[in-house]
There are 2 protein chains.
Amino acid sequence: MARIVMKFGGTSVADIDRIRNVAQHVKRETDAGHEVAVVVSAMAGRTNELVELTRAASPMHDAREYDAIVASGELVTSGLLAIILQSMGVDARSWQGWQIPIKTDGSHGAARIKEIEGERLLERLAIRQVAVIAGFQGIGPDNRVATLGRGGSDTSAVAIAAAIAADRCDIYTDVDGVYTTDPRIEPKARRLSRVSFEEMLEMASLGAKVLQVRSVELAMVHNVRTFVRSSFQAPDAPGMDDFDNPPGTLICSEDEIVEQQNVTGIAYARDEAQISLRRVRDRPGVSAAIFGPLAEAGINVDMIVQNVSADGQYTDMTFTVPNADIDKALGALETVKEEVGYEAVQSEAGLVKVSVIGIGMRSHAGVAATAFRALADRGINIRAITTSEIKISILIDDAYWELAVRTLHSVYGLDKV
Amino acid sequence: MARIVMKFGGTSVADIDRIRNVAQHVKRETDAGHEVAVVVSAMAGRTNELVELTRAASPMHDAREYDAIVASGELVTSGLLAIILQSMGVDARSWQGWQIPIKTDGSHGAARIKEIEGERLLERLAIRQVAVIAGFQGIGPDNRVATLGRGGSDTSAVAIAAAIAADRCDIYTDVDGVYTTDPRIEPKARRLSRVSFEEMLEMASLGAKVLQVRSVELAMVHNVRTFVRSSFQAPDAPGMDDFDNPPGTLICSEDEIVEQQNVTGIAYARDEAQISLRRVRDRPGVSAAIFGPLAEAGINVDMIVQNVSADGQYTDMTFTVPNADIDKALGALETVKEEVGYEAVQSEAGLVKVSVIGIGMRSHAGVAATAFRALADRGINIRAITTSEIKISILIDDAYWELAVRTLHSVYGLDKV
């Protein structure tokens, strides 16, 4: 007997037939004797419809009203799943955010969960009633509905798992786990059976879009063992009821990962643009002067590389922004040219960032050197490099991106079982 | 300054443009300095969609889950109207049933309002914030969403008007008031400026489908002055802001109706079928023996006529049922033939019930005789008659129904101003 939270996204509950499939997954777990709470998103497309209505009502609108409107989609799916579970003989009831309650802060439209009172849920779980919870929402300090921002149902699921001390939080999605790299690029990519929270955070923010970044952060803080698995696999397929090793990827603390690899995966992000400021006067405050206006313009700056200046007076500063924002970024830089005192701006769009991720690289030297040598052997020019403890990111020309991903995937042995 | 509740149904909020029109009606009242609470239905068609989803999930379903699903439509419209009002510079916020709260009994799917805590609404109204309230719903003793049954938003509006001691409850609909009869049948039909609660109850249940019967009952009990008016009239049309006599029909207590007419209106109900049991043994319990099985079969019996038996032993019993139910009714009667001991059954489908309604007939003799004479002059045969204090209902052949409605409308002078 265990306590499990299961989360199903919009495509998994897109119509009645798919909700029936979800119910079969739930029934498999209740049949095994587990206590089950389920978190559901709105039917695919419904949230977008509601957002459109809200925008049509007024481009500028009260975030509290936006929340009241947009949160209604999950109320429908939670009720429907409860009905279908009941029709299959599984005791179930739907829960709305205010009924539990899931308490959030007052940042309507992008609220953060502050506290979940788990007592009522636990009472019902104890009598083996499935709790079907509307995802993406709670109530703010003003006693009004607050939504967690797009994709917030992942966060709801992890937060509920923490609140009821669940043994596991299963995130059902349209992929069957986390891979060593994108299988569309490298057919030899393998599904990871385990990955650490830290690695997953780097992978999620780098483009392996499986889980919302915030939900991984939350899982890490509360040490919620989170399984990524497929909702489209047959609910009764072999091994689906294997409690310890179901098909999918377990995201967990690194203590649980016995055989730590040096490198766990290769991620990438396309459509990057590089901007270099030449001969920037190297004095305190210059970074703030450059990046302040970019932040105000709503531009998401990614890699930042600054070399130690050779003469102590001038330095070069390189960073990347999304391709689509390059003109806006150059415009913003133009306005601060005087203040920053750079000599020239160079920019180049259509670049790709490839990242090597692995918690094991902390204790192994030479991981970076291996990457650089492998790329050089293929004639791939490296434009910029940034590193963190568990990640090396390399900026290259778009033409080489697939080759780079496959080369790195191979050089670290990720294509070997 | 007055306190007003305004209610808008599904067709009045069917899309963003219509919700804008609703907002103009609201703004007219706030501009006049009134405190305003608005009750809205779901966008036309949305509730049906949600009901269909619920049925598709399972034909048999938990009414509490049905309520959670179906009540979501009103959350969307209340939020949208609040946003549009704000964009027009009118302070407004949406309220969900549980936030007020509107407390109901536990009859999910057809709940009755038990209590509305008006304090929070009154605080906001006092600072001239418009309260936009999701109609059709409240919360039951189990702290779960409960709906009031189809058309329940009328009831929500009247109940809120009672709870906050509103001066008036304006029900905006797709007709511009209550008429002396159906204007499609009798072009000379006039809009009534006032009608008593009692008369409205008879009219509503007889087919003049303007207002839900339950809401009229509630208005009568709490003496809520209720205006029926059109949401499709231009919000700034002449007289729309006349507080005492806006275009529409005021439903009120009879004390407020100064010049009481003998007859107020002519209603009708088509598709009636008549069933007569001949030579029924006249003994205690025979009515129960006849109508019990019909009730169990879910058949709605309307007119019931029983003559005093001439010989004290046998009587004839006549009643009407909907055309569609006649076979089911005859089948149910066949099963109790032995017990009831009737000699023969006669039935006739395709009949029409025409009713003369008027609170003034209580104190005026001859109202019924006038009807009978007028119909006889036109050669219309009367099949059966039932009467109450304020209503005379006459069953006739379908061929004559329009002639009968026009004849009665004219004979009581309803076509004259």
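A residue counts as buried when its relative accessible area is under 20%, as exposed when it is over 50%, and as partly exposed in between (1.4 Å probe, protein chains only). By this rule A:Gln96 is buried, because its relative accessibility is 6%. The model is predicted: local features need pLDDT of at least 70, side-chain atom pairs count only at pLDDT 80 or more, and totals for chains, interfaces and linings use all residues. Residues are numbered from 1 along each chain as its sequence is written, chains are lettered from A and ligands numbered from 1 in the order in which they are written, and side-chain values use heavy atoms, with hydrogens and water left out.

**A:Gln96**

A:Gln96 sits in the loop between strand S3 (92-95) and strand S4 (102-104) of chain A. Helices (H or I, at least four residues) and strands (E, at least two) are DSSP runs, numbered from the N terminus. Contact means heavy atoms within 4.5 Å. Leaving out residues up to four places away in sequence, A:Gln96 touches A:Leu75, B:Ala68 and B:Val145. Its side chain also makes a polar contact of 2.9 Å with the side chain of A:Trp98. A polar contact is a pair of N or O atoms within 3.5 Å; within protein, one must be able to donate a hydrogen and the other to accept it, and residues adjacent in sequence count only if both atoms are side-chain atoms.

**The annotated site in chain A**

The "binding site" annotation of an unreviewed UniProt entry covers A:Thr47 and A:Glu74. The two span 28 residues in sequence, yet no two of their C-alpha atoms are more than 8.7 Å apart, so they gather at one spot. UniProt positions are given in the numbering used here, feature names are shortened, and annotations may be inferred rather than shown by experiment.

Neighbours within four places in sequence aside, A:Thr47 is in contact with A:Ala42, A:Val70, A:Glu74 and A:Arg150. The residues that A:Glu74 touches, on the same exclusion, include A:Val40, A:Ala42, A:Thr47 and A:Phe136. A polar atom of the A:Glu74 side chain lies 3.3 Å from the backbone nitrogen of A:Ala42.

Two strands pair if DSSP finds at least two bridges between them. Strand S13 (residues 265-281) of chain A runs antiparallel to strand S16 (residues 344-357) of chain A, and eleven bridges join them; A:Leu277 stands opposite A:Val345. S16(A) also pairs with strand S18 (residues 391-397) of chain A, in the antiparallel sense over seven bridges, with A:Leu351 opposite A:Asp397.

The buried residues of helix H9 (residues 286-296) of chain A are A:Val286, A:Ala289, A:Ile290, A:Phe291, A:Pro293 and A:Leu294. They pack against S13, strand S14 (304-306), strand S15 (314-322), helix H10 (326-335) and helix H11 (337-340) of chain A. A:Gly298, with a positive phi near 75°, follows H9(A).

**The sheet in chain B**

In chain B, six strands form an open antiparallel sheet in the order S14-S15-S13-S16-S18-S17. Its edge strands are S14 (304-306) and S17 (384-388) of chain B, each pairing on one side only.
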